[in-house]
Number of protein chains: 2
Amino acid sequence: MNPSRPPSLDAMLGLVASDMNAVNQVILARMQSEIPLIPELAGHLIAGGGKRMRPMLTLASARLLDYTGSRHHKLAAAVEFIHTATLLHDDVVDGSGMRRGRRTANIIWGNPASVLVGDFLFSRSFELMVEEGSLKVLRILSNASAVIAEGEVNQLTAQRRIDLGEDRYLEIIGAKTAALFAAACRIAAVVAERDETAELALDSYGRNLGIAFQLVDDAIDYASDGATMGKDAGDDFRDGKVTLPVILAYARGSESEKAFWREAIAGHRVSDEDLAHATQLLRDSGAIADTMARARLYGQRAIDAIGGFHASAAKAAMVEAVEFAVARAY
Amino acid sequence: MNPSRPPSLDAMLGLVASDMNAVNQVILARMQSEIPLIPELAGHLIAGGGKRMRPMLTLASARLLDYTGSRHHKLAAAVEFIHTATLLHDDVVDGSGMRRGRRTANIIWGNPASVLVGDFLFSRSFELMVEEGSLKVLRILSNASAVIAEGEVNQLTAQRRIDLGEDRYLEIIGAKTAALFAAACRIAAVVAERDETAELALDSYGRNLGIAFQLVDDAIDYASDGATMGKDAGDDFRDGKVTLPVILAYARGSESEKAFWREAIAGHRVSDEDLAHATQLLRDSGAIADTMARARLYGQRAIDAIGGFHASAAKAAMVEAVEFAVARAY
């Protein structure tokens, strides 16, 4: 990494550019259907400015292992379909109106359409995996899917629980976010026919990066403007979402501050002044800084997990992607 | 079949009883999760008096092929999980309040929980298939899942369209209902390692039976009491659902009758008098009788599809299951 410029995803984007073209062709071809609503709705989200972070990790991991084939293109597309299906259902569950700076599919086409097109993409992702034909990959990704769904239900039952605690929160994001990051990286080792050590190293890289990513997102939500996040600062706060910054500020707060957080998470503190007060409490208690410190710790674990692989452009790009993830915003 | 008694499912139930015990054990074991809401919600539907029609067809088809192993137990459970996931999402999409005479999960636990537990069961069904390890079975069932989801979206876009037409309606139920019946039967031939002729025969049996089943359900909805259906007569009518009886009555109706149907399907005719009038029109136009005639035709195709297999208790039970399906209510 060049110390004169901040870390970015450019190296990784460059590394996987030609593979990603192939993946995008699979994605576009396989979201088609004779029912026009399916490509219309799926295309809104898939074409809508997502970073393709997960398929990018599959492609970068394959490069790290010097894999030069194309077996992973369908699989990377399958990973993106699983992710897209999850987003569609998430937005229904949360009643979200905005994502990546655009109106959500559930707002434009309604909840029923979002549920069903999500189901279609999920089924299609399994069709893609079956076509590729590796039972090991199918096991990794079907397991990740079940873990994600379990994590979503876990989060639902934890909704607006100010006393959630750090451990359970990490468990939830480990399932909801990190499991697919881990699987996306791990399947590259299967495709490249590498041993279990390589599989586990890539799994660990993805898992820790996923957690770091989510924690930084949580912190950014209390600091960014809409341009950075594609959603407005304070969305988590207004939705009463219990994220790590809130968990830490609550744990460290005085009785009156705890009372404020309880009211906020119960949905009774949604004004701009309330958000300003919350942000102040998060800064003063060190909750934001310490969320970022934890994110950096997970980021360091991700980097160390791939320490055993020989130096390469792919490895440097994967390290820089972690640095980028934890350097955002703060 | 004994001509002195009406056809029933008893022969099939007896045929598969011991296998079904094994399947039920898989179902109960694999709907568990550390997140209590998952078994609670899934159990409501799975334990809630369903006929287990689809796994029963897998088991009966395996018997027809003299298969005596247990490879199909996990697969039959996977089929039931796919079906259950579909029901959970269906009830969210339709806003249904009752199913099989009980309150629906979305009413008890809310839409978000139903969506997410459906996703979990769907993922779990793929885990089961992967454990069993047949890529051919995975292909059949992942394809069926995509076809089902596509059919659901197709139906959604056709909602309240009185001019739907018989062909498009058959296309929808072919995807929504019959695809899983077909796949449930077909996978038995894969497990029993029989040739493609056997696969296609069982696929055809299941597909035609599925269509017959759905058409009879459509007819019964205008005739039964709650005890027969586990839902109230006229539910489809009040929900403005365009089913084959309505399509036929509309096509055959006078201008004023057509106007009545348009208003009904638009949701402006929901009184008991309206339902009585609709039922009268359906009878007078022959729409109910002809829906049943079509159901019997598909039933006959199902029976003929397995005509090539040698006579056995399993074959007799599968024939009687079709006769039972088309003899219900009318």
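Buried area is the accessible area (1.4 Å probe) that two parts lose on being put together, summed over both. This is a predicted model, in which local features need pLDDT of at least 70 and side-chain atom pairs count only at pLDDT 80 or more, while totals for chains, interfaces and linings use all residues. Residues are numbered from 1 along each chain as its sequence is written, and side-chain values use heavy atoms, with hydrogens and water left out.

**View 1. Chain B against chain A.** Together the two chains bury about 3,200 Å², 78% of it on carbon and sulfur atoms. On the chain B side, Leu116(B), Glu150(B) and Val153(B) lose the most area to chain A, together 17% of what that side buries.

**View 2. Lys176(A) with Glu152(A).** Here a salt bridge joins the two side chains at 3.9 Å, N to O. Both Lys176(A) and Glu152(A) are buried (under 20% relative accessible area, with exposed meaning over 50% and partly exposed in between; 1.4 Å probe, protein chains only).

**View 3. Arg252(A) with Asp290(A).** The closest N and O atoms of this salt bridge are 2.8 Å apart. Arg252(A) is partly exposed because its relative accessibility is 39%, and Asp290(A), at 26%, is partly exposed too.

**View 4. Asp203(B) with Arg207(B).** These side chains meet in a salt bridge of 3.0 Å, N to O. Asp203(B) is buried, with a relative accessible area of 11%, whereas Arg207(B), at 33%, is partly exposed.

Conventions. Chains are lettered from A and ligands numbered from 1 in the order in which they are written. A salt bridge is a side-chain nitrogen of Lys or Arg within 4 Å of a carboxyl oxygen of Asp or Glu.
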